[in-house]
Amino acid sequence: MIKKRYKLILISFFAVAAAVCLFAGCKLSTSLDDVVNKYNLECRVTYFLNEGYFENEGKIKEMYYTANSRPLKITTETLASNGGSGSAQINPDSRRGYKLSGWYEVETNSEGIPLYTDGTAYDEEAGFEASKTISITDKLYDFNTVLQKGDHHYVCAKWEKLSSLKVHLICDGFDKIDVKDNDGNVTASYKTGDLIKEYPLDINVSNPGSGVLSAKGFSFVSFYKDLEATERFTDWPVKVPETVQEITIYAKYIEGTWEIVENSSGVAKMFQNGFNNYYFLPEVNEIDCSNLPSVNALALFEGEINGNGCTVKNLKITGTIGNGGTGSLFGAIGSTAKINDITFEDIDVTYTVNRGSANIYFICNSLAAGATFNNFTIGGTVNVKLQPNCELERESGETHWIYGGFANDADCNANINITDGTCYNVIRLSNYHANENNEWVYDETVEQTYTYKSKQ
């Protein structure tokens with residue numbers, strides 16, 4: 001219950017009436033009756049909130065007035081004030097998604113005491129019972145009413161629901177998400193179809209992304225228009241509709257910690273960190289990286305790529321290797337690596353050996369036992385540029401340029417499909433000179449070309 005001693009007593013006067021507040025300029029020993037008598041506060045209005053809170057987190061406001069004054073209309077928008085010491089406001093955050101439709105007169109018993117919806121009477125001494133709601137009539141209270149001596153009016157707020165954006169959950173490949181606190185205690189549990197977030201559309205709503213639901217061990221994928229996730233929802237920001245309505249969308253989550261890839265920027269990010277897991281959106285069948293600047297090859301890959309059937313085209317990879325170094329597209333592939341259901345088409349890998357001798361391979365420097373590949377296809381061109389006085393450390397040969405760590409490529413049993421026509425060019429750079437644009441360049445001479453031929 002909300003005890004009477006905690007109620008904020010505000011005293012308001014309008015027009016010709018002076019304003020005095022119980023807590024402004026009054027000694028603590030001054031009783032309410034003393035103030036009422038001293039300032040002739042002969043009228044009273046009690047404001048109830050069945051939902052939401054006033055600015056002091058209470059659900060009741062008691063306001064006293066002089067005779068012949070008009071009562072104060074309290075809203076969520078502004079701090080209503082008489083211009084002196086009396087003021088009040090409904091906390092707007094406590095009623096997000098709703099609009100105050102008005103203050104209404106309340107149902108009372110034969111003695112004029114307000115009634116709860118269960119038929120029991122409101123007890124002023126006991127305070128408002130938070131588990132109950134005040135019964136409201138259909139009669140809108142008139143704030144132009146001139147209060148008369150002895151009046152005690154009871155009013156209660158009514159609310160109108162605004163438009164909202166509702167987000168429901170899709171669990172892809174698992175049963176439920178348990179949200180836990182820092183101590184590991186489950187604070188909420190959601191299954192497919194459950195409502196996980198509702199955004200009031202009193203303002204435009206921007207894409208919340210993974211912020212729609214944060215749960216350790218699960219990753220947000222995308223928003224969809226339907227529960228079956230057949231069509232993505234991309235109409236951001238969601239604007240305030242002209243008519244009241246509920247807009248429903250669905251957020252798909254997968255188990256594990258993943259980086260979501262849906263465009264060339266996501267592909268570039270994949271080659272910045274070889275420890276993360278990467279999940280390609282199933283709806284994205286092809287990603288063309290033609291307009292993407294070249295990205296660096298990986299030194300190590302121990303993560304997972306779930307391509308979901310995507311084809312990545314025209315990706316440009318570059319790297320520079322010094323004396324004794326080894327370079328390749330994925331670097332050293334660790335035992336935890338997994339690459340599934342993805343095709344790299346027309347990939348362009350260019351390595352420059354700038355000092356001494358080095359080893360350059362197409363796919364990897366080395367391949368640890370335990371790494372797995374499924375439906376992984378790759379093809380394109382590898383260009384190895386040898387600056388003056390630089391060499392390939394290994395013995396060149398068309399049977400050993402795809403996989404490092406093996407005597408020959410044929411010794412590698414990795415389930416990787418190399419596209420026929422994929423080639424490896426050894427290019428010697430010499431005669432460093434200025435060209436017609438006064439740019440310093442090397443002459444390039446293709447010394448050797450090794451082309452992959454199907455083993456079948």
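Two strands count as paired if DSSP finds at least two bridges between them. The legends below describe close-up views of a predicted model.

**View 1. The open sheet of four strands.** The strand order is β12-β9-β14-β13, and the pairing is mixed. Because β12 (195–200) and β13 (218–224) stand at the edges with a single partner strand each, one side of each has no neighbour in the sheet. From one strand to the next, the twist averages 25 degrees.

**View 2. Pairing of β13 with β14.** Strand β14 covers residues 246–255 and runs antiparallel to β13, with six bridges joining the two. Within this pair, Tyr224 stands opposite Tyr250 of β14. Strands of a sheet pair through backbone hydrogen bonds, in either the parallel or the antiparallel sense.

**View 3. The second largest pocket.** This pocket holds about 200 Å³ of space. Strand β13 supplies the largest share of the lining, four residues. The lining includes Phe220, Val221, Ser222 and Phe223. Asn207, Arg232, Phe233, Thr234, Trp236, Ile260 and Glu262 also line the pocket. Rolling a probe the size of a water molecule over the atoms shows where empty space is left.

**View 4. The largest nonpolar core.** This core has 66 residues. Phe271, Leu315, Phe330, Phe344 and Ile363 are the residues with the most contacts inside the core. Strand β24, residues 338–353, gives the most to the core, with seven residues.

**View 5. Surroundings of Phe271.** Neighbours within four places in sequence are left aside here. Phe271 is then in contact with Val295, Asn296, Leu298, Leu315, Ile317, Leu329, Phe330 and Phe344. Of these partners, Leu315, Phe330 and Phe344 are also listed with Phe271 among the residues with the most contacts inside the largest core.

**View 6. The open sheet of three strands.** The order is β19-β23-β26, with parallel pairing. Strands β19 (300–301) and β26 (366–367) are the edge strands, and each pairs on one side only. Strand β23, residues 332–333, pairs with β26 in the parallel sense over two bridges. Ile333 has Leu367 as its bridge partner in β26.

Key. Residues are numbered from 1 along each chain as its sequence is written. This is a predicted model: local features need pLDDT of at least 70, side-chain atom pairs count only at pLDDT 80 or more; totals for chains, interfaces and linings use all residues. Side-chain values use heavy atoms; hydrogens and water are left out. Axes are lines fitted to C-alpha atoms, for helices over the stretch in contact, and angles run from 0 to 180 degrees between N-to-C directions. A nonpolar core is a set of buried Ala, Val, Leu, Ile, Met, Phe, Trp, Tyr and Cys residues joined through side-chain atoms within 4.5 Å. Buried means under 20% relative accessible area, exposed over 50%, partly exposed in between (1.4 Å probe, protein chains only). Contact means heavy atoms within 4.5 Å. On a 1 Å grid over the protein atoms alone, a cavity is a set of points where a 1.4 Å probe fits but cannot get out, and a pocket is an open set with protein on both sides within 12 Å along at least five of seven lines; lining residues have an atom within 4 Å of a point. Grid points are joined across faces, edges and corners, and a volume is the space filled by probe spheres set on the points.
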